[in-house]
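Thanks for coming. I have one model to go through today, and I will keep to what can be computed from its atoms.

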Amino acid sequence: FTILGVQPILGRTFRPEEDQPGSRVVIFSHGVWQRRFGGDPGIIGRPVNLDGESYTVIGVMPRTVDLPSMDNWHDQLWVPIAFTSEEAASRGNHYLEVIARLKPGVTHQQAQAEMTTIAARLEKQYPEYNTRVGIKVRSLHEQLVGPIKPALLAA
């Protein structure tokens with residue numbers, strides 16, 4: 001949320017220490033907050049049941065928040081990933097997308113060159129997991145608009 005400059009309308013976003021196994025905090029989308037809890041401003045700090053586990057509501061995002069994700073542009077709630085040490089050490093999973101900001105003065109081409117170098121090092125160090133696994137640096141705009149750009153230009 002911080003990297004995208006998104007602030008909740010109620011509560012707060014995640015703290016670094018909450019990205020640990022066993023941390024059970026949740027941030028709701030505006031829609032979930034309205035549909036499931038009637039827009040109750042007292043939701044912050046309350047426990048809710050998610051998949052049989054109790055989570056504490058720490059924040060509610062504004063109506064306008066539509067964060068990018070691989071599967072669904074209309075996420076309903078967010079929880080920390082909270083990898084176990086075994087999961088964090090696993091080299092065979094390539095399902096996460098990362099959003100980052102470039103340092104001031106760094107071009108897209110420079111970022112791509114550095115990430116290509118990192119990918120090559122990972123392939124050499126972990127060939128069983130990283131052979132032919134590259135890294136594609138794209139702007140968030142390209143990620144969001146890319147597939148529909150022709151339709152937007154025609155409009």
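First, two remarks on the basis. This is a predicted model, so local features need pLDDT of at least 70 and side-chain atom pairs count only at pLDDT 80 or more, while totals for chains, interfaces and linings use all residues. Residues are numbered from 1 along each chain as its sequence is written, and side-chain values use heavy atoms, with hydrogens and water left out.

Now the layout. The chain has 6 helices and 5 strands; helices (H or I, at least four residues) and strands (E, at least two) are DSSP runs, numbered from the N terminus. Read from the N terminus, the order is β-β-α-β-β-β-α-α-α-α-α. Of the 155 residues in the chain, 24% are buried. Buried here means under 20% relative accessible area, exposed means over 50%, and partly exposed is in between, with a 1.4 Å probe and protein chains only. The exposed surface comes to about 11100 Å², and carbon and sulfur atoms supply 54% of it. Those areas come from the Shrake-Rupley method with a 1.4 Å probe; for residues, only the protein chains shown count as cover. For contacts in the chain with a separation of 6 or more, 65% are between residues 24 or more positions apart. A contact is heavy atoms within 4.5 Å.

Next, the cores. Which residues make up the largest nonpolar core? There are 10 of them: Val26, Phe28, Val32, Trp33, Ile43, Val48, Leu50, Tyr55, Val57 and Val60. The elements that give two or more residues to this core are S2, helix H1 (30-37), strand S3 (47-50) and S4. S4 gives the most, with 3 residues. A second, separate core has 8 residues, including Val6, Val25, Ile27 and Met61. The term nonpolar core covers buried Ala, Val, Leu, Ile, Met, Phe, Trp, Tyr and Cys residues joined through side-chain atoms within 4.5 Å.

That brings me to H1. Its buried residues are His30, Val32 and Trp33, and they pack against S1, S2 and S4. Leaving aside its neighbours within four places in sequence, Trp33 contacts Ile9, Leu10, Phe28, Gly38, Gly39, Asp40, Pro41, Ile43 and Val60. After H1 comes Gly38, which has a positive phi, near 60°.

On to the rings. The whole structure has 3 aromatic pairs. Rings of Phe, Tyr and Trp (its six-membered ring) pair if their centres lie within 6.5 Å; planes under 30 degrees apart count as stacked, over 60 as edge-to-face and the rest as tilted. Phe1 and Phe14 make a tilted pair, 6.0 Å centre to centre with 40° between the planes. Phe1 lies in the segment before S1 and Phe14 in the loop between S1 and S2, so this pair ties together parts that are 13 residues apart in sequence. Phe1 is buried at 19% relative accessible area, whereas Phe14 is partly exposed at 24%. With Trp78, Phe1 has a ring-centre distance of 5.5 Å and planes at 85°, so that pair is edge-to-face. Trp78 is in strand S5 (residues 77-78) and Phe1 in the segment before S1, so the pair ties together parts that are 77 residues apart in sequence. Like Phe1, Trp78 is buried. Phe1, Phe14 and Trp78 form one aromatic cluster.

Last, the charges. How many salt bridges does the whole structure have? The search finds 3, where a salt bridge is a side-chain nitrogen of Lys or Arg within 4 Å of a carboxyl oxygen of Asp or Glu.

Arg12 bridges to Glu18, with the closest N and O atoms 2.6 Å apart. Arg12 is partly exposed at 24%, whereas Glu18 is buried at 9%.

Glu53 and Arg24 meet at 3.3 Å, N to O. Glu53 lies in strand S4 (residues 53-60) and Arg24 in the loop between strand S1 (10-11) and strand S2 (25-28), so this bridge ties together parts that are 29 residues apart in sequence. Glu53 is partly exposed at 35%, and Arg24 is partly exposed at 33%.

Asp40 bridges to Arg46, with the closest N and O atoms 2.8 Å apart. Asp40 is partly exposed at 28%, and Arg46 is partly exposed at 32%.
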